[in-house]
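Biologist: I would like to learn how to read a model like this one. Could you show it to me and take my questions in turn?

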Amino acid sequence: MAIKEQYRICQTTGLRVYKSAENLIKANAVVAVVFLLVGGIFGIMVALTRWKAVHLLPADWFYLALTAHGINLLVVWIIFFEIAVLYFASSVLLGCRLATPKIAWAGFALMLIGALITNVAVLQGNSSVMFTSYVPLKADPSFYAGVILFAVGALVGCFVFFGTLVIAKQEKTYEGSVPLVTFGATVAAIIAVFTIASGAIILIPTFLWSIGYVNHLDTLMYRTVWWAFGHSSQQINVAAHISIWYLISAVTLGAKPLSEKVSRGAFLLYILFLQLASAHHLLVDPGISSEWKIFNTSYAIYLAVLGSMIHGLTVPGSMEAAQRKKGYTNGLFEWLRKCPWGNPAFSGMFISLILFGFLGGISGVVMGVEQINLIIHNTIYVPGHFHATVVAGTTLAFMAVTYLLVPLIFQRELILPWFAKIQPYVFGLGVAGISVFMMGAGTLGVPRRHWDISQADAVLPYDFPGAANLMMGLNGMSAVLAGLGGAIFIVVVVGSILFGKKIASSNEPVAAEEEATVVSEYGSEEHPNIPGTLILVAVFFTSFVLYYFVNWKYLAEVWPLR
Amino acid sequence: MSVSPPKNKIWWNEPVPKSELMWVIIAFVWGLIMFFMMVYWHAYGEQNLSNEAYRITAEDFSAKTQTMVDKYTVREESGYPVVHPPVGEDVYLIARLWQWWPILELEKGKSYRLHLSSLDWMHGFSLQPVNINLQIHPDYEMVITITPTTSGEFGIVCNEYCGIGHHQMLGRMYVVDNEGT
């Protein structure tokens, strides 16, 4: 029953690219980047408003811009790009045609229409309810309807991905097990199904409430179920961008997993435990027991953190092994020095790995401690943390992989190579600043989602320490730097797609052999030494332990509470 | 490579490299330590959130607060009653659009049962510069026992977005040194 469909062979990687998958990957990636631009502009406006000396927007516009920033980046940009990644990891990596391309296009249309509807609702100014839309704050019904349509479209994309896996198996386009990257993408898709189901469970009643068919929604119920959607959707990102780390190390360095079993096992822990993290948001809410909080916030004794810590060793470890095999064996770190730092795909991936681990990972675990959350909840420390995970981690990894997709999928050479080369550094530095300064301001008690901490027109004003304003100013400057990095990315990528030199395509039937050579490039019999990675991991672990206990110390200084 | 199927088809039988195994064990043990740290703090730490909460209507909570205000108001400030309840008494704080009401005056080193609830939307209780942060829901009455250990004037910031007046929603709390009562 095999369907004959046009494909071409990528002349550099030997991968088989089917027309249907190629077009869908292009469409999803392009739309994603457009929403990155929109959301990024709103983000800069938000940061400039919180910079006291600039204080750009009036209050109503600030809350509107913050809502638009959250929705467009946390949801629209990331999910569109993830759908492109899913299609790539199934169809392209397995050399298989995409399942039901027409249905995939329908899903794409639903997502696009949903995103537009929600954006119109937000821009009309009557839906400034933030990304979280906590009841009883009420948005325009079309706000919820748009998000629901978007989610349904994304669900369709997940099932097209699963369908493609089935076809690849049936038509025997690969032998043995799926590649690690496809495995990781499968984990992301499974978490996505759970996430979208939770979203439906909470947003459909909220939509009905907004049009008057349901008269009351319990706020605690809302937060509990909404975060099963809101937090889990960030866990899709983790699984997706870790897959991309493996993908980029394979393509740029020829890295293979140190141990398939360990890397896959770590991904498996994500499926089983990551979703419990919605509890991170409920640690200081009334009406939930400490037992529930402790079990869930720790992902059942930190088993998902275990997964991430494993990837933290195996990703750089696989790079070190590949580099040492090439002969870069001097000292502890020659392998790292000789990495292709001028290739934005590689440098973007490595910066993403470092910032996600050190800034995002450590802060996430610390603020997720039940008691420590008392001194962090809803302060600007929280956005500080998740800008390290979702922007420095996910977004930068997605940018890095885009530098590979442009030649492979769009068949264009990059324009402005010098700008492309510095882009990950500019963006990475900016985002690191955003994260660190927001976390710093958060420890001084600065609230998140707040138009004016100088509280000029409040009846009972409270003065934050001067250092808080300094931190928010530095945050604004970092946001401008990150914005510059984002702008370079968009100019380079859009410019390359439109004006880049075309790369000749070919569908030479020698394809089958070419692919086979890729498959059998490395054996997995020997276990290489990775001393450099062990040092990096030891530094990471020491920072983790120190920062963890420093925060217990901070907590112990607060008023006793029971 | 990571982008191609494992060369060894029965990869699950490959032995795990020692360095990886060691790291998995360290990470797992660290997870256990972090988990039991939270349990330990419940037994021996001083900063724990109580599990005490009740369902309540806005009217009932409002009435309870009003009773306290009527009994123990000592002065007025910017239109807010300043309430100095007797030590050990239950004290109430209302969160509503867009104020924390009333102003509480507590004594240093004494414990109070503080009841918190919202009359309308969700709010965020953020006591500054102490930096204690709690989520305040409507229809839920949260009860915590709090012991101020520093005296002075404290701000209560709202750190849950609650509409256009969110940034003006500020309250105040005073902690005074023990007056020798």
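Modeller: First, a definition: axes are lines fitted to C-alpha atoms, for helices over the stretch in contact, and angles run from 0 to 180 degrees between N-to-C directions. Helices (H or I, at least four residues) and strands (E, at least two) are DSSP runs, numbered from the N terminus. This is a predicted model, in which local features need pLDDT of at least 70, side-chain atom pairs count only at pLDDT 80 or more, and totals for chains, interfaces and linings use all residues. Residues are numbered from 1 along each chain as its sequence is written, chains are lettered from A and ligands numbered from 1 in the order in which they are written, and side-chain values use heavy atoms, with hydrogens and water left out.

Biologist: At what angle do the axes of helix H5 and helix H7 of chain A cross?

Modeller: Helix H5 covers residues 180-210 of chain A, and helix H7 covers residues 260-273. Angles under 35 degrees count as roughly parallel, over 145 as roughly antiparallel, 65 to 115 as roughly perpendicular and the rest as oblique. H5(A) and H7(A) are therefore roughly parallel. Their axes come within 9 Å and cross at roughly 5°.

Biologist: How many charged residues does the contact of H5(A) with H7(A) have?

Modeller: Contact means heavy atoms within 4.5 Å. Residues including Phe183(A) and Val187(A) in H5(A) meet residues including Glu260(A) and Arg264(A) in H7(A). Ala, Val, Leu, Ile, Met, Phe, Trp, Tyr, Cys and Pro count as nonpolar, Asp, Glu, Lys and Arg as charged, and the others, Gly among them, as polar. By class, the contact has nine nonpolar residues, two polar, and charged residues numbering two.

Biologist: How close do the axes of helix H12 and helix H14 of chain A come?

Modeller: Helix H12 spans residues 381-408 and helix H14 spans residues 466-499, both in chain A. They cross at roughly 15°, and their axes come within 11 Å.

Biologist: Which residues of H14(A) does H12(A) meet?

Modeller: On the H12(A) side are Met399(A), Thr402(A), Tyr403(A) and Val406(A). The contact has six nonpolar, three polar and no charged residues. The H14(A) residues are Gly486(A), Phe489(A), Val492(A), Val493(A) and Ser496(A).

Biologist: Which are the edge strands of the seven-stranded sheet in chain B?

Modeller: Two strands pair if DSSP finds at least two bridges between them. The open, mixed sheet has the order S2-S3-S6-S12-S11-S8-S9. Each edge strand pairs on one side only: strand S2 (73-77) and strand S9 (132-136).
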